[in-house]
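Dear colleague,

I am passing on the structure below, together with notes on what came out of it. Please read the notes alongside the coordinates.

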Amino acid sequence: MEKPGLNIPPETGVSYHDIKLLAEISQQITATLSVEEIVEKTYKNVNSLMDASVFDIGIFNPKQNRIDTPGCIEKGEQLPFSFYNLEDTLRPAVWCFLKQEAFFTNDFEQDYADYFPGEQIPESIAGDDPHSVIYLPLSIQGKRIGVITVQSFKRNAYTHYHLDMLKSLALSVATALENARLYETMEEEVRQRTLEVSKQKEELEAANKNILLLGEIGQQITATLSVEEIIQKTYKNVNELMDASAFIIGIYEPEKNELRFPGVMEKGKMFPVYSCPLEEQHKASVWCFLNQKELVLNDYQNEYPLYFPNAPLPKQSFGDQPESIIYVPLSIQNKRIGVISVQSFKKNAYTAYHAGIVRNLATYVSIALENARHYENMETEVKLRTQEVVGQKEELEKKSKALVQSYDNVTLLGKIGQQITSTLDLEKILEIVYANVNNLMDASSFSIGYYNREKQVIEMKLGMEKGLELPRADYEMWDKNRLAVWCVDHRKPVFINDYDAEHTQFIAQDVPVNTGEDTESLMFLPLIVEERVVGVITVQSFRKNAYTPYHLEILQTLASYVAVALNNAEAYKELNLAMQEVEKLSIVASKSENTIVICNTAHEMIWANEAFTITFGHTLEAFIKEHGPSIYDISSNPSIQTAVEECITQKTGVVYESRNQTINKGERWFQTTISPVFNETGELRYIVFIDADITELKRVGVELHQKNKEVIDSIYYARRIQTALFTSHFYIRKYLQEYFILFQPKDIVSGDFYWVRHQNECVYVVTADCTGHGVPGAFMSMMGINLLNDIVIARNISNPALILDIMREEIVQNLNPEGAKEEARDGMDIVLCKFDLKNNKLDFAAANNSLYILRNGKLTEHKGDKMPVGKGEGTIDTFTKHTIGLQEGDIIYTFTDGYPDQFGGEKGKKFKYRQLEEFLLSNSSKPMSVQKEGLKKLFENWKGQLDQVDDVLVVGIRI
């Protein structure tokens, strides 16, 4: 289709005539201020320029987002009002307006597809369908006015010359339409502007009046030193400025962390004083104060949730519920004073102007309240300041006395330390400490305990109470309900001023004291020497709150001296015992068959018994002459020097083994015991080496080790056989989608076993616990597996109860074939489940064990029969078959007694069934593999360092 462009016709006379006519049309319509006249005059003249059988001017309606055509003329007749929605983009008028381009065609049906590819021609809104069409946009200075169109019922009615004429005409029409629009709105704008100026004049006069009134109010209240008068005067005047049916001033009380409302006025009535805690942050007054922001609500019910979306509407503390509220914070120089509020019982009572009035009023009220506070508090502050000065004087005197007392205490502690560290008598140490400690604190009861590491006992050997010696009391270290044990275990002080209320911080239970009476205040401190706990010291009082941290510091200093003294005394006691032993040794050493050598502190041999000469074929003198005096030169043990240093450092005997060449018996094994000997001052005097011939013991040990290895290897081979009999997980996973089996034998082989088989579209699952564990239990488990294979698979018996009945008969017969009087009690506890997953049904029978089913967050126990699969006590009955309907998501749990019977925890008690049930219930939503790992971790944590007491088997199956 040919696109528009500049085309000058050859008839110059016609062109001149048309240009002249265009100028006349432009003069006529631009001088016209009516849209109807503009359309009529343009139509009347445009037919002189071209065929305009259809003529229309479309005017843009921005409010409706459309193009209105108020005066379309077709064949001389005016068509009804119509319009084009701008969303209707398949219309040429809309296309022209949106793109601000000319729409030009001389064959509408043929050229429509060029403008709207692939679209159907829409039906005409009004009139007949033309063949030739021109649409041009109307705009002025970039502002879109609308569109103009001429249309003909002939094909090829228009040339580009006509298009140019219409473009010139469109510019005049756009100018005329804009002039008409401005004329129509001019009078309304003048009227509105006049109203605005009048309103502004009134507002300025009211504002000026209000400013003067605010100034008067400010002068009145800032000169007032009574809070009540400030509230009353402000309320009296504020109603002249706005609707303040309710008026509130809240004052911040920092000591109570609240807002106090000393004067609430409503409809001329004063309400009682009330308070609002700052924790109630959903209240408007608290929100305004905490955020230091104004709060304006003109529709309380609907606007309150905008500030407090998750809070219910608070109940009114007083009076009626207002509809409009203004809250403004009161502050001065960044100091928060409180809040001020005006309230109305009408909606939309307040504007930003009213908020500004309250804001200005708040400034005066803040100043007035602060002045009143200073005035009211002036005398109080002077009195408080006087009290502070007096208190400071008394505190200085008190601190001075405390310093003198502290100096005296330090001096006394030094004297006590000198006396007890130079004393090696335990009773004397107690006497010295007890005689002086009561000068430092209330020590109505006082004790010193020695920590015996070998016996794991705290020996409370030294104790005084109310001036009398206490009997000895020993505390076993396993007894964790003793404060002395806690102190030694944790190497930390125990500080209690109210035993009943505070002892649970250290011990779980209150147990009776071993000696003496019950006390209220207690301090325990560990006695530590060179990072080693040697004992414990305690002072106790029969009064509550008898001790302060200062007393604890004194006791810590005293404990340091006592620890050294106690360690010295014990060392001296051990030294005496060691010297006595050496004297005894010197008597018998010469007759001993063991080789005995005594060395000096330089590790040189100075004495040996006759057995030494017999073993090595030389006297000590001859041996030293040949090999040298050092003990290190004759020992074949490469670590002998380390062993000697250890025995000296630890002040205890050290044992090691070595292999030496003898004269008479060849190569022999010796066990050497090294013992240090100290004098009464704790200095090393001698080192004694005693060699015992252990060659024969070594030989026997090697044989025992070999036999033990053969037995262990056999048991491990038995485990391979037993494991092979257990159902493989590869087989189980074919029939059970979600399950776990926690199997943890106590020994190498197990008396617990599990068995899973698929038979006749059902899955059989067995959890069994045979009599005993280890090898005996393993034999029973193999018997049980073989019986299940025979009864269920070979004989095709499907009733769980009948299967257990037959197993019991077979076990009794196999273990007691002759019917002896001493019948074997061997057998097994078992749960046998038969899952019919196709019909969602579970049949089971059980001996001495239960089946648990977890459904909808509830764990239910289904108990079995109270008799074993084997020889039991009392009457032998048949086993019971139970049937349960299954639901998707059910979890079936079965287990033996090994898990709940395990000892452990802090008190070494059984785990018990209740804890196991609670764990299964709380972890049931987790995957089965995660449940298994959780059970395993829980078991190991509970068991701790204790031995496993029985085989463990837990099975879980999710339906």
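What span should the 12 residues of helix α2 (residues 35–46) have at 1.5 Å a residue, and how far apart are its end C-alpha atoms? The expected span, taken as 1.5 Å times one less than the number of residues, is 16 Å for α2, and the end C-alpha atoms are 16 Å apart, which agrees. Helices here are DSSP runs of H or I with at least four residues, strands are runs of E with at least two, and both are numbered from the N terminus.

Residues are numbered from 1 along each chain as its sequence is written, and side-chain values use heavy atoms, with hydrogens and water left out.

The chain has 22 helices and 40 strands, and 45% of its 959 residues count as buried. Its mean pLDDT (the predictor's confidence in each residue, from 0 to 100) is 83, with 86% of residues reaching 70 or more. Confidence is lowest in helix α9 (residues 352–421), at a mean of 67, and highest in β37, at 97. Over residues 1–13 pLDDT stays under 50, and the model has 19 contacts (heavy atoms within 4.5 Å) beyond four places in sequence for that stretch. Where pLDDT is low, the predicted coordinates should not be read in detail.

Strand β37 (residues 891–895) holds Phe-895, which counts as buried because its relative accessibility is 4%. Leaving aside neighbours within four places in sequence, the contacts of Phe-895 include Thr-767, Tyr-852, Leu-916 and Leu-920. Its C-alpha atom is separated by 8.8 Å from that of Asp-769, 126 residues apart along the chain.

Leu-916 and Leu-920 of α21 also take part in a helix pair. The axes of α21 (residues 912–922) and α22 (residues 928–943) come within 11 Å and cross at roughly 145°, the axes being lines fitted to C-alpha atoms over the stretch in contact, with angles from 0 to 180 degrees between N-to-C directions. Gln-915, Leu-916, Phe-919 and Leu-920 of α21 meet Gln-931, Gly-934, Leu-935, Leu-938 and Trp-942 of α22 in this contact.

Best regards

Notes:
This is a predicted model: local features need pLDDT of at least 70, side-chain atom pairs count only at pLDDT 80 or more; totals for chains, interfaces and linings use all residues. Buried means under 20% relative accessible area, exposed over 50%, partly exposed in between (1.4 Å probe, protein chains only).
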